[in-house]
Amino acid sequence: MPAPRRATDAPGNPPGRRPGLREQHKQRTRTAIREAALQLISEHGYAKTTVEQIAEAAGVSHTTFFRYFPTKEQVIVGGAHLEAQMRAIMATMPPGLGHFDLIRRFFTELDRVSADDPWIGNPLRRQLIRSEPLLQKTFQAESDRLISGMRQLVADHLARDADDFALGVFLDAVAGVAFRIAAEADENRTQPQLETTLRAIDLLERGLPLD
């Protein structure tokens, strides 16, 4: 089981590492921009909300906004934030794990970190990604980029080439089922997402028996 989260941990920081004052300031600024964006979008709609309005509501300059988020879409999608979490989690994985144990531990830790990060599960954010075509496109592009990055991280941990065919098939299968379960969890929360994902990984490990 993963170690309990320390009070000094912050979403997006490597588990167990105390964030410095600069990191804390950056996290507060990032959170202020996100919260301002959601508030304005909920009042005026996504298309009518501008970067200038978001920056003003967050109490930052236009230039500061773009230091944290390259586009308005990235404020909502936030792929770089998740990528940092993924890298931090993989850095904590012990050596010698097989590929199935590694991916199970990764999803378990990612679920723990995500549970402590209200932004990832924010209902309005999720609804916006589902309903806005530009956000859907951005989210898909970020998902593809994250999967590619994850492939390199897993390859490095397993001491395999990132272009290894078997590794690619394995990760494509895991990513496919994980994204499907996540999409269903958005619509219906009757079954825990992590539990279902781990069951699916177990099924893959057993060779996909149907009985």
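Helix H8 (residues 133–158) has 26 residues, which at 1.5 Å a residue should span 38 Å, and its end C-alpha atoms are 37 Å apart, in agreement. The expected span is 1.5 Å times one less than the number of residues, and helices are DSSP runs (H or I, at least four residues) numbered from the N terminus. The model is predicted: local features need pLDDT of at least 70, side-chain atom pairs count only at pLDDT 80 or more, and totals for chains, interfaces and linings use all residues. Residues are numbered from 1 along each chain as its sequence is written, and side-chain values use heavy atoms, with hydrogens and water left out.

**Helix H8 and Leu 146**

- Buried residues (under 20% relative accessible area, with exposed over 50% and partly exposed in between; 1.4 Å probe, protein chains only) of H8 include Leu 135, Thr 138, Glu 142, Ser 143, Met 150 and Leu 158.
- Leu 146 lies in H8 and is buried, with a relative accessible area of 12%.
- Apart from neighbours within four places in sequence, Leu 146 is in contact (heavy atoms within 4.5 Å) with Gly 79, Leu 82, Glu 83 and Met 86.
- Between the C-alpha atoms of Leu 146 and Glu 83 there are 6.5 Å, although the two residues are 63 apart along the chain.
- After H8 comes Ala 159, with a positive phi near 60°.

**Helix H1**

- H1 (residues 21–44) has 24 residues and reaches 34 Å from its first C-alpha to its last, close to the expected 34 Å.
- Its buried residues are Gln 27, Thr 29, Arg 30, Ile 33, Arg 34, Ala 36, Ala 37, Leu 38, Leu 40 and Ile 41.
- These buried residues of H1 pack against helices H2 (51–58), H3 (62–68), H4 (72–77), H5 (79–91) and H7 (123–131).
- Gly 45 follows H1 and has a positive phi, near 90°.

**Packing of H1 and H2**

- The axes of H1 and H2 come within 8 Å and cross at roughly 120°; axes are lines fitted to C-alpha atoms, for helices over the stretch in contact, and angles run from 0 to 180 degrees between N-to-C directions.
- H1 and H2 are therefore oblique to each other, oblique being what remains after roughly parallel (under 35 degrees), roughly antiparallel (over 145) and roughly perpendicular (65 to 115).
- H1 contributes Ala 32, Ile 33, Ala 36, Ala 37 and Leu 40 to the contact, and H2 contributes Gln 53, Ile 54, Ala 57 and Ala 58.
- By class, this contact has eight nonpolar, one polar and no charged residues.

Definitions and conventions
Helices (H or I, at least four residues) and strands (E, at least two) are DSSP runs, numbered from the N terminus. Ala, Val, Leu, Ile, Met, Phe, Trp, Tyr, Cys and Pro count as nonpolar, Asp, Glu, Lys and Arg as charged, and the others, Gly among them, as polar.
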